[in-house]
Every structure is written in C-alpha cells, then in structure tokens.
Amino acid sequence: MARSARSKRSAGKDGRSNRAAIGTRRGASAESLAKKQREISISEFFTKNRHLLGFDNRRKALLTAVKEAVDNSLDACEEAGVPADVTVEIQAVKKDERYRVIVEDNGPGIVRTQVPRIFGQLLYGSKFHTLKQARGQQGIGISAAGMYGQLTTGKPVVITSRTSPRRPALRYQVAINTAKNRPEVSREEEVDWPAKHGTRVEIELEARYQRGRQSVDEYLKQTSIANPHVDIRFLAPDGREEHHTRVTKELPDEPLEIRPHPYGVELGLLIKMLKETKARALGSFLKQDFSRVGAKVAQDICEKAGLDYKSRPTRIARTEADRLIQAIREVKIMAPPANCIVPIGEDLLLKSLRSDIPEAAFYTACTRSPAVYRGNPFQVEAGLAYGGALPADDLARVFRFANRVPLLYQPGACLITRSLIQTDWKNYGLAQARGALPTGPLVVMVHVASVWVPFTSESKEAIADYTEIFKEIRLAIQECGRRLRIFVNRRRREADAEKKRSYIEQYIPHIGDALQEILGLSDRVRSQTVTNLKVILEKSRKMG
Ligand SMILES: Nc1ncnc2c1ncn2[C@@H]1O[C@H](COP(=O)(O)OP(=O)(O)OP(=O)(O)O)[C@@H](O)[C@H]1O
Ligand SMILES: [Mg+2]
C-alpha cells in the first residue's frame, strides 16, 4: 500500500518520470536494437537458467552433481564391458554450505584430447547422435555440474583419468569460459594413481547434504535396485559408509545402436537426412538410413509417393519430401528391433527388490515386450514389494526409473505417477482415495527404457506424456496388481481360517468334557479324543 501511494506521488502528469525511474525509454530504432542483438552462448543461457538443469537449490544441486557423474561412470563401464565399481564420496568443506563431490569409477578412462571439452563445454558428448539406450543423452550433464561448481565456489573441476596400465594417470584442472562455452585447462600433470584404468571427478560446489526421500543416499539405493550388476560404495560427509553390493556378476547385454525407424521421422529430419546421406538413389537411402526398410518396403514408399526409386536424394524437393512422409505412413513397416533396448528383466528385478527392500513379504515383477513411440522403441517394466514391515498407513512409495536412472524430483509432472494414480488399486485389494496413489504397505517401481527417453526438461526428472508409454505402464502395473491380488486374497483366507481354528480350538477341551460326561469316558480316552479332534482340525485346515 505504502509503496503504491509513493509511486503515484512521484509520477508526473503524463507518468513520464515514473518510466524514467525504472530506466526504460521508448523510441528504439531497428539500428539501435541491432546493436544489442547478439548470439547467446549455451553456457550463458544455462548459467541464468540453472534450474532447468537441476541446480535450483543447494540440496538438489548436490544430488544432481552426484547423479551426473555416477550416470556417466555407469554408462562408460557398460560400454567398455566392465562390471562397474563406483565410489562416491562427499566431503563437507563447510557444513550446509560447501561440499566436495568425488566420484571414481573403474571404466575405460578418457583420452587426453577429450578431457577439456567433456568437462568444460556444454553440449559435447558421445551419446546425442546415437539411437541407443544410455543414461546420458544430451552432452550437458557433467560440464553443467562443473559449471555450477565453478560459479558458486570459483574452483575448477579436477579430473584424474587413466586409459591403460601402460600409460600414466593424468590429472587435469578444467574450467569453463561461460561467455564462449569453451574449456580452459589450468593444469595438467602426471600423477601416481593405483587404478589400472578409470576416471575420478572432483567438483567443489555450494550445496547442502541432507538425508531423506530426495537425497544422495536414496538415489544410490535406487540406483542399486535398477543396476543389480553394479557395486557402489558411498562415503557420506557424516562419516558413514554405505555399501551396495552387486547381486549379479553378469553385465546387461549390450544395447545395439539402431537407425531411426521411418514411422517416427518428421519432415525436418527427413530433409536433413536426404541432404547428408551417402546413398545415391532414393530407394537405397531408405534402405540404408532407416531401420526395418528392405527393398520391397523402399519400393512401396517410392511408388506411393510418386517418386522414382533411382532419383538422387539430394535433389528431392521439400514438397516431394512431404509426399515421402505421407507414403511412409501408408506403408506397413515392421516394428523396430528389440535388441536396442536392454531391460533389467523380471528375475533380476525380483532379486534386487528382495535385497534392497528386505522388509516386505511379497514381491513380483513384470517386463513387457518392446513397443514404439514416435518411431523410438521403448520397453516398460514394473515391480512391487508388499506387506511385511512396510508402513501400512502411508501412501505407496514409488520408485521411478528411466534407462536405469532413478528419478527423484517432479513426480507430479511424470507420466509414471499419472499412470499409477489412474490405476484402480481397489481391484487389487488396496485402499485408494480419488486422484491419489494407493494406501498400504507397498513399494511400486516402474522402469521405462528407450533409445531416447522423452523427458519433460533438460534436467531429466520426469517423463513426458506419450499415450503409447502410458498404455504400457498401465499394462505392466495391472499384471503385477493381479498377482498382488492373489497374494492378498490368500493372506485374507489364511487369516480367516486361522481365526476360525483358534475359535474351535478353544472349544475342543469342552467338547472332550461333554463327551466324557455323556458317554462316561475315562480320562485317558477323553484326552485321546481331544488330541484326535485337534489333529483332524489341523488336517482340514491344511486341505482348505
Ligand atoms: N566417467 C567417464 N568415463 C568415460 N567417459 C566419460 C565419463 N564421463 C563422461 N564421459 C564422456 O563424456 C561425454 C559427456 O558427458 P556428459 O555427462 O556431459 O553428457 P552425456 O552423458 O553424453 O549426456 P547427458 O547430458 O544426458 O548426461 C559422454 O558422452 C562420455 O562420452
Ligand atoms: Mg552424462
């Protein structure tokens, strides 16, 4: 109130003085605006918009930095075919303000020429241009974590890496020039390092360490559920040491890289592919550059589009490309191959759930067959842990995963949560309020694996709304739910039978007494009769 009164007073008749007070001046010309127009570097953009990358507050910043480094370590180990041993250490530089994150892996290491750009340049990576299942996609993750560290503490990222026991380990200090999005290496030296190969990343950053639902502890626990082949050691800043051991030595199969499936391709991408292809004829372009297109399908597409099989791809005009897209939609093309996605699998999921949530009484898991959204293959799996010592009066806990990475933030924006809320859990013997998750001693895990996971933002926290994915999640949950219902019903029947039995058992001695009186039995025969009745009761219970 006071403020608006003051501003009214200070404004002149035409309000001009008010405008001057906030520093605006109309009448800019195209030329004067042109002076201000310039390129924005991606790193400057994300410095201002760090929340888009998961660095909106100190606690989340700590988790994001750990997550980016660990995800990279796991990707690198898997690509190299090494069972990952990852150590995560968080040291408090100043409690609740500044921490040092250290992540070390036994992966293939990083060659010298690549280190600066990987850690000191946003949008530089090996995974963006490949259609292959991986934790990383964008080429932003670790350089963004380093950039946040640098912005908040002024310290560069310290990287130690070794690519072979025959080569020395090298230690680098890399900073990022945010105005240019270019790396600056301030130091590079050979060091003694016991590891034969691997990478160690150290980032100092403004952060806060706190345990709980959205913590580093939780992220590592869930990572171990979705990655049963991984060994993770965690040294917390409070001196605790946690060890998540692997439950299998077998590595997941290597996901194969695929070419795009024609059904998913949009006009812009098709035009770009036509320009860049090495193929000299349209037909061979379709066969070589797409998955699931053979000679017959290529022929059909060309015919439907009214284009010559032999025409040069580089000469295809925009309107013709448009006709190609139409034709692709009309031709029946096989679904993309499934070996580009590697699910966790029902057996390992069960093992993981049992080992990481040992307090439950019932476990089940379901892996669906692969399906396709926008031309990208994906596969959904779900698992449930129920009963036992899990809290009975709380809402079910949900573990969401995308390409084996736990998603801890933005549950409300995620397709997985929506699918769970829209499932009718009463069918499976659980209580559920309208528009809410079910209530009961239940942990639900859902994993979406894909060659390209459609996240709602660059911080990769929630899965976007695709009907095809929604449907698969529901089917996986329903399958698990049906098994849960059988278990819950059996439990209920057993509890009822138990109740009946204890009733009857109470009366058996009295029946013995009554029989003794009516039939004049001896004490020995009476107690024998009581024992017999108990045996019969026990037998009938077992049969029931
Ligand atoms: N620990 C590591 N060992 C080996 N290579 C690594 C390691 N960390 C990063 N890399 C390489 O550096 C690249 C860039 O990593 P970065 O996290 O910035 O992007 P990304 O993982 O490709 O995608 P995203 O932004 O989605 O995480 C990776 O693609 C990978 O090739
Ligand atoms: Mg990454």
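Predicted model: local features only at pLDDT ≥ 70, side-chain atom pairs only at ≥ 80, totals over all residues.

Analyst: Residues are numbered from 1 along each chain as its sequence is written, and side-chain values use heavy atoms, with hydrogens and water left out.

User: Are the axes of α14 and α15 parallel, perpendicular or oblique?

Analyst: Helices and strands here are DSSP runs, with helices being H or I of at least four residues and strands being E of at least two, numbered from the N terminus. Helix α14 (residues 415-422) packs on helix α15 (residues 467-519) at about 50 degrees, with the axes 9 Å apart, where axes are lines fitted to C-alpha atoms, for helices over the stretch in contact, and angles run from 0 to 180 degrees between N-to-C directions. Angles under 35 degrees count as roughly parallel, over 145 as roughly antiparallel, 65 to 115 as roughly perpendicular and the rest as oblique. The arrangement of α14 relative to α15 is therefore oblique.

User: Which residues of α15 make the contact with α14?

Analyst: Contact means heavy atoms within 4.5 Å. On the α14 side, the contact is made by L415, I416, R418, S419, L420 and Q422. On the α15 side, the residues are I469, F470, I473, R474 and I477.

User: Which residues does A207 contact, leaving aside its neighbours within four places in sequence?

Analyst: A207 sits in the loop between β6 (198-206) and α8 (216-226), and it counts as buried because its relative accessibility is 0%. With those neighbours left aside, the contacts of A207 are R58, L62, D96, E97, R98 and Y99.

User: Is K132 buried or exposed?

Analyst: K132 is placed in the loop between α6 (115-120) and α7 (141-153). Apart from neighbours within four places in sequence, K132 is in contact with E79, E254, P255, L256, E257 and V451. Its relative accessibility is 19%, so K132 counts as buried.

User: What is the phi of R404, which is not a glycine?

Analyst: R404 belongs to the loop between β12 (397-402) and β13 (405-407), and R404 is buried, with a relative accessible area of 5%. Although R404 is not a glycine, its phi is positive, at about 70 degrees.

User: What is the phi of K460?

Analyst: K460 lies in the loop between β16 (442-450) and α15, and K460 counts as buried because its relative accessibility is 8%. K460 is not a glycine, yet its phi is positive, at about 55 degrees.

User: Which helices are included in what covers the buried residues of α10?

Analyst: Helix α10 (residues 282-289) has six of its eight residues buried, so it is largely enclosed by the rest of the structure. Those buried residues are L282, G283, S284, F285, L286 and D289. Their cover includes α9 (267-276), α11 (295-305) and α12 (318-330).

Methods: Chains lettered and ligands numbered in written order. Buried < 20%, exposed > 50% of the residue type's maximum accessible area, 1.4 Å probe, protein only.
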